[in-house]
Amino acid sequence: MATDSGGSVAQPDGVSGFVSDWASDQRAFKNVPWGKAMMWIFLLSDTFIFGCFLLSYMTVRMSTTETWPNASEVFALSFGGEPIPLILIAIMTFILITSSGTMVMAVNYGYRKARAKTVMWLLLTALFGATFVGMQAVEWTKLIEDGVRPWGNPWGAPQFGSTFFMITGFHGFHVSVGVLFLLIVARKVWRGDFDTEKRGFFTSRKGRYEIVETMGLYWHFVDLVWVFIFAFFYLW
Amino acid sequence: MAHAEAQAGSHDIGQQHPLGIYFKIWAWLFVLSAASYAVDYFQLEGALRWSLILIFMMLKAGLIVAVFMHMMWERLALLYAIVVPPLLVLVFVVIMALESDYTFETREIFFAIGP
């Protein structure tokens with residue numbers, strides 16, 4: 001069985017459980033399917049990538065002698081009246097959090113083997129994700145029209161443009177890949193691949209509803225990264 | 001097969017929890033996001049602004065990892081393997097902060113003099 005958890009051997013909890021798991025001279029991550037452990041390790045490596053991006057942003061912002069553009073004004077939008085600071089970014093934040101919630105619902109209904117509901121929640125999540133990317137495209141267009149380039153902008157430190165395009169671009173790429181990933185998983189759920197344990201075309205492993213949870217881990221991670229980008233890039 | 005199904009329903013393999021906790025966390029994430037947006041909307045400044053931003057950020061990140069990504073229900077072996085390494089990035093942050101301070105000061109001196 002692919003997801004064998006190590007049989008009926010007693011597993012201590014707490015710190016002694018951690019020691020015995022890591023010292024067990026076999027698989028260290030008990031009770032976790034292979035795909036899920038691998039997804040976590042991938043996300044850990046992705047954390048370092050985004051960590052280094054934000055770190056380089058901190059470094060250039062702290063070391064520049066020019067004033068840093070005020071994000072609150074740069075990303076303000078006006079709907080006829082006074083410009084509202086950061087309003088588009090705030091809406092994007094709420095959309096991404098909403099999509100995290102719909103993803104949780106999909107995982108939950110997946111484990112209940114409620115196929116139609118799982119597909120519906122997955123598609124809804126993908127729709128919110130696509131909306132997010134769309135709004136990001138609007139944001140980029142507006143900034144490029146304002147004259148922001150990776151090498152300069154009208155308001156101050158030229159590093160603003162390069163870090164903005166790199167960080168939000170890489171995050172937007174993650175969201176786009178996530179939408180694609182969601183659509184693939186939704187199609188598999190709809191076909192019943194996880195009920196018939198149909199083997200995947202790429203990994204040849206049996207289809208299981210755990211895949212929906214693994215997909216969810218990726219999606220929540222994208223939301224997680226946005227939490228940090230929102231705090232450090234837009235609010236700071 | 002029966003064995004596998006019995007396990008899939010338990011907390012050990014499939015992470016299945018009552019929907020109530022997810023709705024609660026979902027609501028909290030909305031509240032925290034609104035709060036961090038309010039920090040900018042009301043133009044809070046200085047230490048108050050930064051501490052509020054960091055607090056709301058850490059709370060949101062913690063709730064997402066703990067509940068939405070099910071980390072609070074995982075065994076410590078996985079939790080330590082995933083959560084501890086990113087904390088070491090903080091060391092890198094300190095190093096780069098010192099370095100940028102130094103760069104900034106040399107720039108202040110030499111850009112003021114000019115070529």
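In chain A, 68% of the contacts with a separation of 6 or more are between residues 24 or more positions apart, two residues being in contact if their C-beta atoms, placed from the backbone, lie within 7 Å. The model is predicted: local features need pLDDT of at least 70, side-chain atom pairs count only at pLDDT 80 or more, and totals for chains, interfaces and linings use all residues. Residues are numbered from 1 along each chain as its sequence is written, and chains are lettered from A and ligands numbered from 1 in the order in which they are written.

Chain A contains seven helices and zero strands, in the pattern α-α-α-α-α-α-α along the sequence. Helices (H or I, at least four residues) and strands (E, at least two) are DSSP runs, numbered from the N terminus. The C-alpha trace of chain A spans about 65 × 40 × 30 Å along its principal axes. Of the 236 residues in chain A, 39% are buried; a residue is buried if 20 or more other C-beta atoms, placed from the backbone, lie within 10 Å of its own, exposed if 12 or fewer, and partly exposed in between.

Two helix pairs involve α7(A). The axes of α2(A) and α7(A) lie 10 Å apart at an angle of about 15°, which makes α2(A) roughly parallel to α7(A). Axes are lines fitted to C-alpha atoms, for helices over the stretch in contact, and angles run from 0 to 180 degrees between N-to-C directions. Angles under 35 degrees count as roughly parallel, over 145 as roughly antiparallel, 65 to 115 as roughly perpendicular and the rest as oblique. The crossing of α2(A) and α7(A) is right-handed; a crossing is right-handed if the near helix is turned clockwise from the far one by less than a right angle, and left-handed if anticlockwise. Residues in this contact include Trp40(A), Leu43(A) and Phe50(A) of α2(A), and Leu217(A), Phe221(A) and Phe228(A) of α7(A). By class, the contact has 14 nonpolar, two polar and four charged residues, where Ala, Val, Leu, Ile, Met, Phe, Trp, Tyr, Cys and Pro count as nonpolar, Asp, Glu, Lys and Arg as charged, and the others, Gly among them, as polar.

The axes of α6(A) and α7(A) come within 10 Å and cross at roughly 160°, so α6(A) is roughly antiparallel to α7(A). This crossing is left-handed. Among the contributing residues are His171(A), Phe181(A) and Val185(A) of α6(A), and Val212(A), Trp219(A) and Trp226(A) of α7(A). The contact of α6(A) with α7(A) comprises 16 nonpolar, four polar and no charged residues.

The largest nonpolar core has 70 residues, of which Ala106(A), Leu122(A), Val185(A), Val212(A), Val225(A) and Phe230(A) touch the most other members. Such a core is a set of buried Ala, Val, Leu, Ile, Met, Phe, Trp, Tyr and Cys residues joined through C-beta atoms within 7 Å. Elements of both chains give two or more residues to this core, including α5 (115-145) of chain A and α3 (46-68) of chain B. The most, 18 residues, come from α7(A).

Between the chains, 48 residues of chain A are in contact with 48 residues of chain B. On the side of chain A that touches chain B, α1 (14-22), α2 (34-63), α4 (87-111) and α7 (210-235) each supply at least two residues, and α7(A) provides the largest share, ten residues. That side divides into 27 nonpolar, 16 polar and five charged residues.

In chain B, Ala97(B) lies in helix α5 (residues 89-113) and counts as partly exposed because it has 15 C-beta neighbours inside 10 Å.
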